[in-house]
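Please keep the sequence and the structure at hand while reading.

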Amino acid sequence: MSIDERLNRYEMKIEGNGFLTTLLPDISQTVPGVNKALFCLLQDVINYAESLKESLQVAKQETDQEKQKIIATVTYIRLLEVVEAAFILSAYGIREELQSLFRIFLDAYFVHANCCSSPEFIPAYILSDEQSRLEMLNVATKYDSEMFKATKEYATAELKNQLENKIREEKIEAFNSYLYAKNVNCEQIYDSLYRLTSASVHTTPRCLSNYIETDEHGVILQVLHGSRPEDTNHALFDMSWFFLKATRGICELFQLPMGTLDCLDKRIKEYETERKD
């Protein structure tokens, strides 16, 4: 049976129950002073996303629109897993890794928004991995260690030439988060939240500043290793806000009812108003 025959024979369904089945600690005990209502809101958003999974089914994979729904569903589940991971970490009071996870979330968010917006994005996105593949093959030739032995044996000159020709002839572009953000009018998000949370991913000096307490002269008095409610509140809000937007995108693509989503949107907007006041 050919690949096309297999794709058109089977209905795509989502298997699995997510990752919130484990009993979590009371966040008001692990992070004293946290906004527990915001924590509960994110839990409700996650539960709603889990309830959508049975509606995210695609009977065939023939047209561009059907393939668009498939990849958009995969990116949505990717986002859901990141949000569930952040929810679990927040319950235990872990804070800096929430920043790292939010940066990871935004990368997937930009891709997901493009997937929901345009079926033309899908093939270009899938092919972007060819650039990464070529980079890895080229890197392997620099080393003689055992770590790269298998890759070097695989990366023949003929294979690399074929890949280079394919990239050139098909004008394949590399994965580009900024471009993906720009495509969906998210440049400001990229140049603010994305850049700020990159500090945690790369462990820049700005990241280290979140672990210390100093006096007025910059002398380090303490190294902090515990929870902070303001950090957790920010992370819970940002995850809820953007994941709701991602959820609206998948609901629009699959033409699903928006009633529950509108109610969740109202709750997050009420919290935002209270926070500004």
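In this predicted model, R95 has a relative accessibility of 6%, and because buried means under 20%, R95 counts as buried. The side chain of R95 meets that of D231 in a salt bridge, with 3.7 Å from N to O. R95 lies in the loop between α4 (64–91) and α5 (96–117), whereas D231 belongs to helix α13 (residues 229–254), so this pair ties together parts that are 136 residues apart in sequence.

Another salt bridge joins the side chains of K166 and E130. Here K166 sits in helix α9 (residues 157–169) and E130 in helix α7, so the pair connects parts that are 36 residues apart in sequence. K166 counts as partly exposed at 28% relative accessibility, while E130, at 12%, counts as buried.

The structure holds 13 salt bridges, and the table lists some of them.

| Pair | Distance, N to O |
|---|---|
| R95 and D231 | 3.7 Å |
| K166 and E130 | 2.7 Å |
| E230 and R228 | 3.8 Å |

R95, R228, E230 and D231 are linked in a network of salt bridges.

On the surface, M136, V139 and Y143 form a nonpolar patch, and together these residues have about 250 Å² of accessible area. Y143 lies in the loop between α7 (129–140) and α8 (149–154), and at 35% relative accessibility Y143 counts as partly exposed.

Methods
Residues are numbered from 1 along each chain as its sequence is written. This is a predicted model: local features need pLDDT of at least 70, side-chain atom pairs count only at pLDDT 80 or more; totals for chains, interfaces and linings use all residues. Side-chain values use heavy atoms; hydrogens and water are left out. Patches are made of residues with over 30% relative accessible area and no salt bridge: like charges are joined within 9 Å, nonpolar side chains (Val, Leu, Ile, Met, Phe, Trp, Tyr) within 5 Å. Accessible areas come from the Shrake-Rupley method with a 1.4 Å probe; for residues, only the protein chains shown count as cover. A salt bridge is a side-chain nitrogen of Lys or Arg within 4 Å of a carboxyl oxygen of Asp or Glu. Helices (H or I, at least four residues) and strands (E, at least two) are DSSP runs, numbered from the N terminus. Buried means under 20% relative accessible area, exposed over 50%, partly exposed in between (1.4 Å probe, protein chains only).
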